[in-house]
Amino acid sequence: MNPSWPSIEFTVNGTAESVCVPPMKRLLDVLREDLNLTGTKEGCGEGECGSCSVRMNGELVNSCLVPALQAKGACIETVEMLAREGELNPLQKAFLARGGAQCGICTPGMLMAATHLLAQNPSPSIAEIREGLAGNLCRCTGFIRIFDSVIAAIAEGAGTSIRQEHNAR
Amino acid sequence: MSTSVKTRIVGSPVPRKEGADKLTGRARYVADIEREGMWHGATVRSSIARGLIRSINFSPEIDWGGFVVVTSADIPGKNHIQLIVADQPCLADGRVNHCEEAIVLLAHANQQRLRQGVAAVDIEYEPLPPVFTIEESERKDVIVWGEDNVLKSFLLEKGNVDEAWAGAAHIVEGEYRTGAQEHLYIENNGVIAEYSEADGVTVWGSLQCPYYVHKSLMAVFGLPEDKVRVIQTETGGAFGGKEDYPSVLGSHAALLAMKAGRPVRMIYDRMEDLAATPKRHPSRTRHRTAVDASGKLLAMEIDLTTDGGAYSTLSSTVLSRATLHSCGPYECPNVRVRSRALATNTVPYGAFRGFGAPQAIFAIERHMDEIAAAIGIDPIELRRRNFLKDGATTATQQVMREPVILDRLLDRALAESDYYARRAQFARENAKSAVKRGMGISAFFHGSGFTGSGERYLNSLAGVDVTRDGKVRVLVSSTEFGQGTNTILTQIAAEAIGLDISDVIMAPPDTRVVPNSGPTVASRTAMVVGRLIERASIQLVKMLNSDAGLTDEFTREEFFAACERLRTENAEVVSLCRYEPPPNIFWDDQKYRGEAYPAYAWSVQVAQVTVDTVTCSAEVEEFWAVQEVGRVLNPVLAGGQVEGGIAQGIGYALYEKVQWQGGRMMNNQMTNYIMPTAEDVPPIHAYFDEIPFGHGGFGAKGIGELPHDGPAPAILNAIRDATGASFYAIPLLPEDMLAKLASAFRLEEPATL
């Protein structure tokens, strides 16, 4: 640890965290290396693939493009917060039942993008789902079963429950 | 034979076995694994395409004290990657044959220092003239590989082509080209390696074929089998791109680990992965075809050439599959296929979903539409008149003993897509619009499993065992990288034994634990390995019946109790089976004649496209795929394979262009190598017709590669239908369509072009 590094405080998945890291260290690496939250993945390192998507202060961001300092005081949500006490949430359940995940490497980012979409719009049209997920690349599924999963999750009430959680924060 | 038996688990949409781990972020990919004292490794690569290495200089501005440096001189065994031909060095020794060839390896505790180190190694070269294209290579002005630049060639002959031309009503010729395609798995190549005198080499990594890496490490380190261990970590996509390359990367990391005396991790970033790892072989295929007045094929002469890159790697087997798929699903009495893979000074091309078939099928399926246009018949009707049928013979004179239902697949595809009505509607509307729409088709087969005698040589071993805590484990080196291996193989074992899916788990994909069930490639897992698991499971039950008093009808508890009784006698409860070829399979590798594949999967695809004649952009609006892949083991996973393959095929046709300059990929970023996104992929409708295959796992044939074979020709055929303009090469981007569309629709070309 270098004494010139700032101490950065933020909230991750509801827990207050403090890290002492180079200020330009990528949020992605802070999550993975300093907080051991390895669910967030790196695919391209340049903000194209969306595998590192997390929510920061209610916005969907590519954590590979966010310097740690920018996250100071922020409220961050990652894939690790979706399942509660080991039980998959409705979105995760729908992805499991409908084949929304194959190799799984884009899945955490895709789930965060879908969560963000439903937090903004609890009943999106198919066109809105496509647009909402357009920043997240999946090479396995051809996206069709991802769309199906999101639609099925909405039918199970995921849109409303995610919206409520979002408003509660 | 179990194929028509009613099943409980096989055929049902059992959720992905490792799905919950992937959905919660718990799944451990190689980047998620830490080892005590682990350093990072990196590669110093060639900046030129071909030349001699004069010197390797380490800048005095860097303190090299904290680095571990490896060159070819540090290799304890053989300096080559063990695959088919031993021509590819593990590390360049005195010469380089392509840009990005690995020359020096570095390891350091700190990643930033490591990057500075890579930049501070200066290689001095004496450049030699390179060749970059099929045309340059075949001119042989410069010889870059062997005596004639030919990595491999095949000649396939049936009947007498030379005598057929005279009797032809029409002779139609065409030349078709396909470009390189990048796998673009979202997880880049990566491994962790450790070395100790006692245990030898251990490699963990994102890979498809643990035993390929195992074999290569044995050669590079000169170690016996039991001193090399390879473990697959959760793998974030592969598509063939992690078939052979992990042998290179695994060797590199292990060399660094041996010298450093500590674990070393090497994970490529996206730019390095795109620049330095294999892609789909570019191809050029020339067709000359004789047909009679009714459109019946009389003779096909095919010249198929692929660009193999700098070393032979898998080019011979890719070329073989291309050759065997080059005539399409048609019967023709006279055939001659000459094929060659040529060397160039680019990164070696490798395996990619379809493995040569997409290239060959693009050519024949575009050519069928050109033949139809030349003789003035409907392209659907032309195909129908020439389809292989039960009892017909292929170009290798393989007799179709299994049912061939191309007509049925075609009828379904036409009905589901409302093909003729939509074509007629578009023909009316197109006349009044700058946006033209059209329908296109492709029909094809994909051979399941290894070609010819391949499965015999592989001689795969797989099976099941039972753990002390009451789980049946599937023992295979067949890996999961998204396709569903874990799920379908546990389904098969649970079904065959009579247990629940939750009673069956996968053994870890670790060469110290699982036998060699062959590589996870060639659409062979469901059919070949699935069958081995089915047999091994049945064998286990029989063993328990005869040796442990298990009755014919049994409960779960009785089954595991019998397993424990067997364990007290045998110390272990394990059942392994070795591959047995289906009867009446004969293949002549010299004449290229006989049963090229034990089974074929069949498909008809229909694309609906729209072409904006002002912007010259083409989009796929809707897509239909009807396929017969034997028994569908899991409909959700099977549908996902088909849709994902089609999306990659759409990218291959319309989006994905590798830009080359001096043998180097210039667009090696996701920013400018463009794959289809959630907004680009059209609605895809997939339909299955099931004819169980008696020698596949519960009747399954291959599925993974098939869907990638057809989209490109179907899309370009649809563009022809929409615009009247024929295109012969993919990828087909707006700039590639501009000239033809401009002249067809009298557009002014922008002055700036």
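Housekeeping first. Residues are numbered from 1 along each chain as its sequence is written, and chains are lettered from A and ligands numbered from 1 in the order in which they are written. Because the model is predicted, local features need pLDDT of at least 70 and side-chain atom pairs count only at pLDDT 80 or more, while totals for chains, interfaces and linings use all residues.

Confidence next. The model scores ipTM 0.98 and pTM 0.97. For chain B, the mean pLDDT is 96. In that chain, 98% of residues reach 70 or more. pLDDT is the predictor's confidence in each residue, from 0 to 100.

Now the domains of chain B. Domain 1 covers 19–28 + 460–578. Domain 2 covers 33–128 + 183–276. Domain 3 covers 283–451 + 592–744. These bounds come from an automatic or database domain assignment. The centres of domain 1 and domain 2 of chain B, taken over C-alpha atoms, are 34 Å apart. Their contact takes 15 residues from domain 1 of chain B and 18 residues from domain 2 of chain B. Contact means that the C-beta atoms of two residues, placed from the backbone, lie within 7 Å. On the domain 1 side, there are 6 nonpolar, 6 polar and 3 charged residues. As for classes, Ala, Val, Leu, Ile, Met, Phe, Trp, Tyr, Cys and Pro count as nonpolar, Asp, Glu, Lys and Arg as charged, and the others, Gly among them, as polar.

On to the chain interface. Here 41 residues of chain A are in contact with 41 residues of chain B. Which helices of chain A each supply at least two residues of the side that touches chain B? They are α2 (90–98), α3 (107–120), α4 (126–132) and α5 (144–155). Helices here are DSSP runs (H or I, at least four residues), as are strands (E, at least two), numbered from the N terminus. The largest share, 5 residues, comes from α2(A). By class, that side of chain A has 20 nonpolar, 12 polar and 9 charged residues.

Stay with α2(A). Its axis and that of α5(A) come within 8 Å and cross at roughly 135 degrees. Axes are lines fitted to C-alpha atoms, for helices over the stretch in contact, and angles run from 0 to 180 degrees between N-to-C directions. The two helices are therefore oblique to each other. Angles under 35 degrees count as roughly parallel, over 145 as roughly antiparallel, 65 to 115 as roughly perpendicular and the rest as oblique. The α2(A) side of the contact includes Phe95(A) and Arg98(A), and the α5(A) side includes Arg145(A) and Asp148(A). The tally is 6 nonpolar, 1 polar and 3 charged residues.

Compare a pair in chain B. The axes of α14 (residues 485–497) and α15 (residues 525–547) of chain B come within 8 Å and cross at roughly 30 degrees. That makes α14(B) roughly parallel to α15(B). Among the residues that meet are Ile488(B) and Ile492(B) in α14(B), with Val529(B) and Ile533(B) in α15(B). This contact has 12 nonpolar, 4 polar and 1 charged residues.

Two backbone details to finish. A cis peptide bond joins Ile730(B) and Pro731(B), with omega about 0 degrees. Pro731(B) is in the loop between β28 (729–730) and α20 (734–744) of chain B. In chain A, Phe143(A) is not a glycine, yet has a positive phi of about 75 degrees. Phe143(A) lies in the loop between α4 and α5 of chain A.
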